[in-house]
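Subject: Handover of a structure and its findings

Dear colleague,

I am handing over to you the structure shown below. Please look through it before reading the notes that come after it.

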Amino acid sequence: MRLTATLALAFLIGLAAPAAAREHQAPERPPLSLQRLAGTWYVIARIPNPVERGHVASRDEYTLRDNDSLGIRYVYREGFSEPEKEKTARASVDEDSGNYDWRVWFYKIIPTKQRILEVAPDYSWMLISWPGRDLAWIFARSPDMDNEQYRTLVAKLRDDYGVYTDKLKRVPQKPEQVDKLGFEVPNKR
């Protein structure tokens, strides 16, 4: 009985090992240009989290500091009639990641990680996840994104990167998007 259980366990591990190895192998892709990543990125959608929940008109502004670090300014509103607020962070790029893996420090002392999954060839949109695939963001250079492009990027997050998109919510960038299906509810109306 014990031998059978051991063999079954070894068989299951043998089946899982190639799949796990494939999952951790990064596909060949060109390094990202930090210069082209610098600038304003609008938060088109995200999996709600305690830090950003209910924010509207949110965007990240990346400023290149040196060859492997950026300043991040997160700008948002609690509601469209509310004043803009901001949070700042700094990010450094992990060596040998092709500029895809970042360490981000909030409040100068809280380190986190983020992974850029994919960037459009023209740097017009970007897909980002948090290791573990429980958090994700869709960024764009414009605050507007048509529904077809949005659905394509959601499918890419889900199908190509294994992100749990069932909780993904669009971020209202304009007042007329409030209360529309699929958009996050603002903290203040």
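**Basis of the model**

This is a predicted model, in which local features need pLDDT of at least 70 and side-chain atom pairs count only at pLDDT 80 or more, while totals for chains, interfaces and linings use all residues. Residues are numbered from 1 along each chain as its sequence is written, and side-chain values use heavy atoms, with hydrogens and water left out.

Helices (H or I, at least four residues) and strands (E, at least two) are DSSP runs, numbered from the N terminus. In β8, five of the five residues are buried, so this strand is largely enclosed by the rest of the structure. Here buried means under 20% relative accessible area, exposed over 50%, and partly exposed in between (1.4 Å probe, protein chains only). In a regular strand, side chains alternate between the two faces of the sheet. Both faces of β8 are covered, with A136, I138 and A140 buried on one side and W137 and F139 buried on the other.

Two strands pair if DSSP finds at least two bridges between them. Strand β1 (residues 39-46) pairs with β8 in the antiparallel sense over four bridges, and A45 stands opposite I138 in β8. Strand β7 (residues 125-129) also runs antiparallel to β8, joined to it by five bridges; here I128 stands opposite W137. The hairpin of β7 and β8 has six residues between the strands, and G132 takes a positive phi near 110 degrees in it.

**Tyrosine 150**

Y150 belongs to helix α3 (residues 147-161) and is buried, with a relative accessible area of 12%. Leaving aside neighbours within four places in sequence, Y150 is in contact with I44, A45, I138, M145, L168, K169 and R170, where contact means heavy atoms within 4.5 Å. The C-alpha atoms of Y150 and R170 are separated by 9.2 Å, and the two residues are 20 apart along the chain.

On a 1 Å grid over the protein atoms alone, a cavity is a set of points where a 1.4 Å probe fits but cannot get out, and a pocket is an open set with protein on both sides within 12 Å along at least five of seven lines; lining residues have an atom within 4 Å of a point. Grid points are joined across faces, edges and corners, and a volume is the space filled by probe spheres set on the points.

The structure holds one cavity of 30 Å³ or more, and the largest cavity has about 40 Å³ of space. Its lining consists of I44, P143, M145, R170, V171, Q173, Q177 and F183. Among the contacts of Y150 listed above are I44, M145 and R170.

The second largest pocket contains about 430 Å³ of space. Of the 21 residues that line this pocket, V51, E52, F106, W130 and W137 lie nearest its centre. At least two lining residues come from each of β2 (56-66), β3, β4, β5 (101-106), β6 (110-119) and β8 (136-140), and β6 gives the most, with three. By class, the pocket lining has 15 nonpolar, three polar and three charged residues. Ala, Val, Leu, Ile, Met, Phe, Trp, Tyr, Cys and Pro count as nonpolar, Asp, Glu, Lys and Arg as charged, and the others, Gly among them, as polar.

**Salt bridges**

A salt bridge is a side-chain nitrogen of Lys or Arg within 4 Å of a carboxyl oxygen of Asp or Glu. The whole structure has 16 of them.

R73 lies in strand β3 (residues 69-77) and E86 in strand β4 (residues 85-93), so the pair ties together parts that are 13 residues apart in sequence. Both are partly exposed, R73 with a relative accessible area of 29% and E86 at 42%.

Another salt bridge is formed by K188 and E82 (4.0 Å, N to O). This pair links distant parts of the chain, with K188 in the segment after β9 (169-170) and E82 in the loop between β3 and β4, 106 residues apart.

With kind regards
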